[in-house]
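The sequence and the structure come first.

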Amino acid sequence: MADTDTKTSDEMTIGKNRVVSFHYRLSEGGEQIEDSTSESPVLYMQGHNSMLTGLEEALEGRKAGESLTVTVPPEKGYGERREGAQQRVPKKHIVTKGKLKPGMVIQINTKEGAQEAVLLKVGLKNVDVDSNHPLAGKVLEFSVDILDVRAATDDELSHGHAHGPGGHEH
């Protein structure tokens, strides 16, 4: 009896409209700053700009079961730091709950959705933030373990992103 769950080599290769699940460890300057292995794998759809450019480029053509290390320069990661990116924001726009302390990364509601910023100063009604992404201007090193590669569903293709745990959930 044929095994209907067996994937061909092309189906397991990362390319446009393939949904990829992976775990990663992220380091900057030799110091590990994130590790996804204790959580659900990251899920994304290749070719839809939902992943850092440098990481997506490095994963193109790879297969499930592969492990790799990827160095991502700022221009293919979170961009260069922008001067003058400090601004005062009313506290009512802060998504992050709990005690606010300078140096912490917070989420702020914007016209484009929630954005991360570094909290510089806390006032009575406003906060001062640096709207550069906390990893802007940094060379990042990812250690990636590719767990699975599959074709995107029609629903995922129409929405332009992967669905399910680790991806977008409606």
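## Salt bridges

Arg-88 and Asp-128 form a salt bridge, with 2.7 Å between the closest N and O atoms; the term stands for a side-chain nitrogen of Lys or Arg within 4 Å of a carboxyl oxygen of Asp or Glu. This pair links distant parts of the chain, since Arg-88 is in strand 5 and Asp-128 in strand 8, 40 residues apart. Strands (E, at least two residues) and helices (H or I, at least four) are DSSP runs, numbered from the N terminus. Arg-88 is exposed at 55% relative accessibility, whereas Asp-128 is buried at 16%. Here buried means under 20% relative accessible area, exposed over 50%, and partly exposed in between, with a 1.4 Å probe and protein chains only.

The model is predicted: local features need pLDDT of at least 70 and side-chain atom pairs count only at pLDDT 80 or more, while totals for chains, interfaces and linings use all residues. Residues are numbered from 1 along each chain as its sequence is written, and side-chain values use heavy atoms, with hydrogens and water left out.

The whole structure holds seven salt bridges. Three of them are tabulated here.

| Pair | N to O distance |
|---|---|
| Arg-88 and Asp-128 | 2.7 Å |
| Arg-81 and Asp-130 | 2.4 Å |
| Arg-25 and Asp-145 | 3.2 Å |

A salt bridge joins the side chains of Arg-81 and Asp-130. Arg-81 lies in the loop between strand 4 (67-72) and strand 5 (86-90), and Asp-130 in strand 8 (residues 126-130), so the pair ties together parts 49 residues apart in sequence. Arg-81 is partly exposed, at 42% relative accessibility, and Asp-130 is buried, at 7%.

A further salt bridge is made by Arg-25 and Asp-145. Arg-25 belongs to strand 1 (residues 18-28) and Asp-145 to strand 9 (residues 140-151), distant parts of the chain 120 residues apart. Both residues are partly exposed: Arg-25 has a relative accessible area of 22% and Asp-145 one of 24%.

## Nonpolar core

The largest nonpolar core has 21 residues. Such a core is a set of buried Ala, Val, Leu, Ile, Met, Phe, Trp, Tyr and Cys residues joined through side-chain atoms within 4.5 Å. Phe-22, Leu-55, Leu-59, Phe-142, Val-144 and Ile-146 have the most contacts inside this core. Two or more residues each come from strand 1, strand 3 (42-45), helix 1 (53-59), strand 4 and strand 9. Strand 9 gives the most, with five residues.

## Other buried residues

Tyr-24 is in strand 1 and is buried, at 15% relative accessibility. The C-alpha atoms of Tyr-24 and Gln-87 are 32 Å apart, and the two residues are separated by 63 residues along the chain.

His-163 sits in the segment after helix 2 (154-159) and is buried, with a relative accessible area of 16%. The His-163 side chain makes a polar contact with the side chain of His-159 at 3.0 Å. A polar contact is a pair of N or O atoms within 3.5 Å; within protein, one must be able to donate a hydrogen and the other to accept it, and residues adjacent in sequence count only if both atoms are side-chain atoms.
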